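Me: I would like to learn how to read helix packing and pockets in a model. Please take me through some cases.

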Amino acid sequence: MYPSGSRRNHTNGDPKSLSFESFLEAWLVRQKRYLEELLSAQHSSCEVRQDDHLELIHRVLYHYQQYYEEKSRVANWDVFLVFSPPWLTNLERALLWIAGFRPNLLFRLVSSFVNDMTEDQSRRMDRLVAETRMEEKALNDELAKIQERVGAPPLANAIRRYGRTAQDGETADGSGDDSALGGLRKALEKVVANADMLRATTGEKVALVLTPPQMVKVLAAVAQLQLKVRGLGLQRDAEKGQNGGN
C-alpha cells in the first residue's frame, strides 16, 4: 500500500529492484483510481447498492494482494531489499514495520473514521484488535531472535561481505552464500511472509466486521493517509537533495 510518486533515480540498479519499481508505478496509478472510486461511493452511499460496495471492496483488497505477491517475489530473490526498499522515500522507510505497515494502524483508522458501530461490532472489533496485537508481538519476538543471531561473529562477517558485494554492484541471488547468511535469509523471508499475511488477513477480517459503507470509508482513509505520507516524503527528499544532503 504505497501512494504515487516515482523513486526511479534512487534504485540501486538491481534487476528485481527495477522490475518491482516498474510494477509499483503502474500499481500506484490504479491505486489513485481506486481512491477516486472509494470517495465517490462514500459521498453517494445512500444511492449506491450494497452489492456495488461489496464489489468495490473486493477489488481494492485484491489490489493490495497483488502488491504483496509481487513484493514476495522480491523478498525471495533478496529479502534485504524489502527491509530498506529503495523505491520508498526516507519517511516511508522510517515508518516500516517488518517491511510494511503495522496491522494495528488499520484499527486506529477504524476508530477515527467509523463512529456508528453497533455494540456487537465493537465487541468483535475489540477481539480482533487483541488477536492482532498478539500476532504482532509474536512476529516482533521472532525478529528479535533473528537480530540476536546477527550479532554472532560468523554471521556478522558474512553480512559485511554481502554488503561489500552489493556496494560493488554485484547481484546476490543467494547461491554461494555462507551458511550463516543463508540461514538468516530464510528466517527473514519467513518473518516477512508471515507479516504480509497478517496485514492481508487483518484487512479481510475488518471487512467482515464492518458494514460495506463503513469499510469503504476506512479504505478511503487508508489510501488518503498513504498519499499524504508519500507526498510529504517526496517533498522532504527533494529538499534534502537541493541542500546537498545536509
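The dialogue below takes up helix pairs and then a pocket.

Me: What should I know before starting?

Reply: This is a predicted model, in which local features need pLDDT of at least 70, side-chain atom pairs count only at pLDDT 80 or more, and totals for chains, interfaces and linings use all residues. Residues are numbered from 1 along each chain as its sequence is written, and side-chain values use heavy atoms, with hydrogens and water left out.

Me: How do I read two packed helices, and at what angle do the axes of H5 and H6 cross?

Reply: Two packed helices are described by the angle between their axes and the distance between the axes. Helices here are DSSP runs (H or I, at least four residues), numbered from the N terminus. The axes of helix H5 (residues 104-113) and helix H6 (residues 119-150) come within 10 Å and cross at roughly 155 degrees. An axis is a line fitted to C-alpha atoms over the stretch in contact, and angles run from 0 to 180 degrees between N-to-C directions. H5 is therefore roughly antiparallel to H6 (angles over 145 degrees count as such).

Me: Which residues of H5 and H6 make the contact?

Reply: H5 supplies Asn104, Phe107 and Val110, and residues of H6 in the contact include Met125, Leu128 and Val129. Contact means heavy atoms within 4.5 Å. By class, the contact of H5 with H6 has five nonpolar, two polar and two charged residues (Ala, Val, Leu, Ile, Met, Phe, Trp, Tyr, Cys and Pro are nonpolar, Asp, Glu, Lys and Arg charged, the others, Gly among them, polar).

Me: How do the axes of H5 and H9 cross?

Reply: They come within 9 Å and cross at roughly 115 degrees. The contact of H5 with H9 divides into nine nonpolar, no polar and one charged residue.

Me: And at what angle do the axes of H2 and H9 cross?

Reply: The axes of H2 and helix H9 (residues 212-242) cross at roughly 35 degrees and come within 9 Å. Their contact has eleven nonpolar, three polar and no charged residues.

Me: Which helices supply its lining?

Reply: Helix H2 (50-77) and helix H8 (179-209) each supply at least two residues of the lining of the second largest pocket. Lining residues have an atom within 4 Å of a point, and among them are Tyr68, Glu69, Val192 and Asp196.

Note on methods. Angles under 35 degrees count as roughly parallel, over 145 as roughly antiparallel, 65 to 115 as roughly perpendicular and the rest as oblique. On a 1 Å grid over the protein atoms alone, a cavity is a set of points where a 1.4 Å probe fits but cannot get out, and a pocket is an open set with protein on both sides within 12 Å along at least five of seven lines; lining residues have an atom within 4 Å of a point.
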